[in-house]
Amino acid sequence: MTAFLWAGAGTLLPFLLTALGAGTVFFVRKQSSAARLFLSFAAGVMLASSLFSLLLPAMDRARAQGLSPLIPSAAGLVAGTLLMLLLERPVRTRRSPIDGSAALTYLSITLHNIPEGMAVGLAFALAAENPQTLPAAIALSIGVALQNFPEGAAAALPLLQSGVKRPRAFLLGAASGAVEPLFGVLTAFFALYATRYLPFLMALAAGSMLFVTVRECIPDAARQDASPLPALCVMLGFLLMMTLDVALS
């Protein structure tokens, strides 16, 4: 029971920062140029996050388990891409106030939060058994939380742009981070079994996020106008997330 409580507590901060990022919908006008630039920024965040938060750590975890870093990473990347391809048509054709592009972006960010929650939950579950590892678990939680702020905005703002009311866009954006405490606690429960699948799950989330970013976010940024600002915002988002990941890893 103690491990479950620690896992839930450790994943609470990342969830709260996701909700805080989703709260940007209350401060950005729906069709403003600032909103479009923020979405371009989110594309850069997603690109860097898929690489530095997911793919590279997945390879490191595979090595630590005595596995080839390529096999689970490549398999997860392909699986994430196929998952988005399978979901793309039904998501785009179903009748909903949320357009397909926003729905896919939201889904990819939510999938991305699952292995993050598993990693943080596992770290705190281990800290419950060995308090000497608690500082490392806290550092991991803070690092994931800081990354989750722009990701919460990246989940909520496309919903706002697609016509969803601000309160609902906020709640849905915050809910994308709610999977972290859920899967953190579940990982604490299945700790002996979940760790072996983390490299694959992290790569799967990276594949889904890369697909959506290349398929939806970057083309949308390029179509805004002839100004280089959207592309510069993509680069800025990538730089920020890269800096956070490297500094906090």
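Modeller: Helices here are DSSP runs (H or I, at least four residues), numbered from the N terminus. This is a predicted model: local features need pLDDT of at least 70, side-chain atom pairs count only at pLDDT 80 or more, and totals for chains, interfaces and linings use all residues. Residues are numbered from 1 along each chain as its sequence is written, and side-chain values use heavy atoms, with hydrogens and water left out.

Colleague: At what angle do H2 and H7 pack?

Modeller: About 165 degrees, with the axes 8 Å apart. H2 and H7 are therefore roughly antiparallel (angles over 145 degrees).

Colleague: Which residues of H2 meet H7?

Modeller: Pro14, Phe15, Thr18, Ala19 and Ala22. On the H7 side, the partners include Phe170, Gly173 and Ala174. Contact means heavy atoms within 4.5 Å.

Colleague: What does the H2 contact with H7 look like by class?

Modeller: Eight nonpolar, four polar and one charged residues. Nonpolar covers Ala, Val, Leu, Ile, Met, Phe, Trp, Tyr, Cys and Pro; charged covers Asp, Glu, Lys and Arg; the others, Gly among them, are polar.

Colleague: And which residues of H2 are buried?

Modeller: Pro14, Leu17, Thr18, Ala19, Gly21 and Ala22. Buried means under 20% relative accessible area, exposed over 50%, partly exposed in between (1.4 Å probe, protein chains only). Their cover includes helix H1 (2–10), helix H6 (134–161) and H7.

Colleague: Switching topic. How many aromatic pairs are there?

Modeller: Two. Rings of Phe, Tyr and Trp (its six-membered ring) pair if their centres lie within 6.5 Å; planes under 30 degrees apart are stacked, over 60 edge-to-face, the rest tilted. Phe26 and Phe170 form a tilted pair, 5.5 Å centre to centre with 50 degrees between the planes. Phe26 sits in the loop between helix H2 (12–22) and helix H3 (33–64), and Phe170 in helix H7 (residues 166–189), 144 residues apart.

Colleague: And the other pair, what geometry?

Modeller: Phe52 and Phe238 are edge-to-face, at 6.0 Å and 70 degrees. Phe52 lies in H3 and Phe238 in helix H10 (residues 229–248), so the pair ties together parts 186 residues apart in sequence.

Colleague: Last one. Is Met209 buried or exposed?

Modeller: Buried, because its relative accessibility is 0%. Met209 is in helix H9 (residues 198–222). Met209 touches Met46, Ser49, Ser50, Ser108, Ile109 and His112, leaving out residues up to four places away in sequence.

Conventions. Helices (H or I, at least four residues) and strands (E, at least two) are DSSP runs, numbered from the N terminus. Axes are lines fitted to C-alpha atoms, for helices over the stretch in contact, and angles run from 0 to 180 degrees between N-to-C directions. Angles under 35 degrees count as roughly parallel, over 145 as roughly antiparallel, 65 to 115 as roughly perpendicular and the rest as oblique.
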